[in-house]
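This report describes selected side-chain and backbone features of one protein model. Please consult the sequence and structure shown below while reading.

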Amino acid sequence: MLDFIDQIPLSEWTETATDWIQDTFAFLFEPIKDHLGNFMDFVSSDVLAGIPPIIFILIVAVIAFFVSGKKLGLAVFSIVGLWFVYNQGLWDALMSTVTLVILASLLSVIIGVPVGILMAKSKIANTIFTPILDFMQTMPAFVYLIPAVAFFGIGMVPGVFASLIFATPPTVRFTNLGIRQVSKDLIEASDAFGTTGSQKLFKVELPMAKGTIMAGINQTVMLALSMVVIASMIGAPGLGSQVLSSLQRASVGTGFVAGVGIVILAIIIDRITQNMNKGKE
């Protein structure tokens, strides 16, 4: 009964659109792939990997100590956890993962906060972006690997691209929510004092919404980490690639150790970003 309509060629349309984007914007994709890839290799191999592990561990421990209100718990966990990763011979993989997470998170925040502000200020923008965000958050993460490979090949750059798409929505949504939840009395008071739109945004709305925005950034960082691990399937280096190679060789022990390294990194990042939020409230 349902066969009276021919099959909608959505797959063919998608492939045609992808081919058109590849051909039309090749002049843009190639420089991004080359320059961003070189930059990430420099950060991972020369900057982060160039820091002696003991110094890096102490830096992270000091940051954890101060953001947690000078409590020793997180600092001690950071030292023990990162030492364990180093002890297992996964330090270079950890540095690659940290590079991917930092860059993907920064790009997500740089894009997400302005879009969230725009959605909070414009009903039209909110109407347009809401279904796009729904689509981005409900699409299976593995699907994002396909356009990433199509546009940027394999390696670190497509991993960042896929992570960017997957991790940006929380920052956008929480920024939008935070600004909308600012007390109307404060908005009216700022209007009464004759503040301009930019003054009201930067001196009233964003400071009042920073707790909510930071919560969104925390979620973005954690999603970026999870996507970076998945991106090992398209050649992104790091701890995720260790898990993938262990899966291919059915090496349970090696995969478990790499997985523990990912858990340690996730806990450190999560606790530091959460405590940064508490410290700003």
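## Aromatic pairs

Phe65 counts as partly exposed because its relative accessibility is 22%; buried means under 20% relative accessible area, exposed over 50%, and partly exposed in between (1.4 Å probe, protein chains only). The model is predicted: local features need pLDDT of at least 70, side-chain atom pairs count only at pLDDT 80 or more, and totals for chains, interfaces and linings use all residues. Residues are numbered from 1 along each chain as its sequence is written, and side-chain values use heavy atoms, with hydrogens and water left out.

The structure contains 6 aromatic pairs. Rings of Phe, Tyr and Trp (its six-membered ring) pair if their centres lie within 6.5 Å; planes under 30 degrees apart count as stacked, over 60 as edge-to-face and the rest as tilted. Phe56 and Trp91 form an edge-to-face pair, because their ring centres are 5.5 Å apart and their planes stand at 85 degrees. Since Phe56 belongs to helix H3 and Trp91 to helix H5, this pair ties together parts that are 35 residues apart in sequence; helices (H or I, at least four residues) and strands (E, at least two) are DSSP runs, numbered from the N terminus. Phe56 counts as buried at 13% relative accessibility, and Trp91 is buried with a relative accessible area of 7%. The pair of Phe65 and Phe66 is also edge-to-face, because the ring centres are 5.3 Å apart and the planes are at 80 degrees. Phe56, Tyr86 and Trp91 form one aromatic cluster.

## Nonpolar core

The largest nonpolar core has 66 residues. Such a core is a set of buried Ala, Val, Leu, Ile, Met, Phe, Trp, Tyr and Cys residues joined through side-chain atoms within 4.5 Å. Among the residues with the most contacts inside this core are Trp91, Leu100, Tyr144 and Met227. Helix H5 (residues 91-121) gives the most to the core, with 14 residues.

Leu100 touches Met40, Met156, Val160, Val228, Ala236 and Pro237, residues up to four places away in sequence not being counted. Contact here means heavy atoms within 4.5 Å.

## Nonpolar surface patch

Ile54, Ile55, Leu58, Ile59, Ile63, Leu72, Val76, Ile79 and Val80 make a nonpolar surface patch of about 780 Å². Accessible areas come from the Shrake-Rupley method with a 1.4 Å probe, and for residues only the protein chains shown count as cover.

Helices H3 (53-67) and H4 (72-87) each supply at least two residues of the patch, and H3 gives the most, with 5 residues. Ile79 lies in helix H4 and counts as partly exposed at 36% relative accessibility.

## Individual residues

Lys70 lies in the loop between H3 and H4 and counts as exposed at 57% relative accessibility. Although Lys70 is not a glycine, its phi is positive, at about 60 degrees. Most residues other than glycine have a negative phi.

Lys200, in helix H10 (residues 197-230), is buried, with a relative accessible area of 16%. Leaving aside neighbours within four places in sequence, Lys200 is in contact with Ile187, Ser190, Asp191, Thr195 and Glu205.

Key: Patches are made of residues with over 30% relative accessible area and no salt bridge: like charges are joined within 9 Å, nonpolar side chains (Val, Leu, Ile, Met, Phe, Trp, Tyr) within 5 Å. A salt bridge is a side-chain nitrogen of Lys or Arg within 4 Å of a carboxyl oxygen of Asp or Glu.
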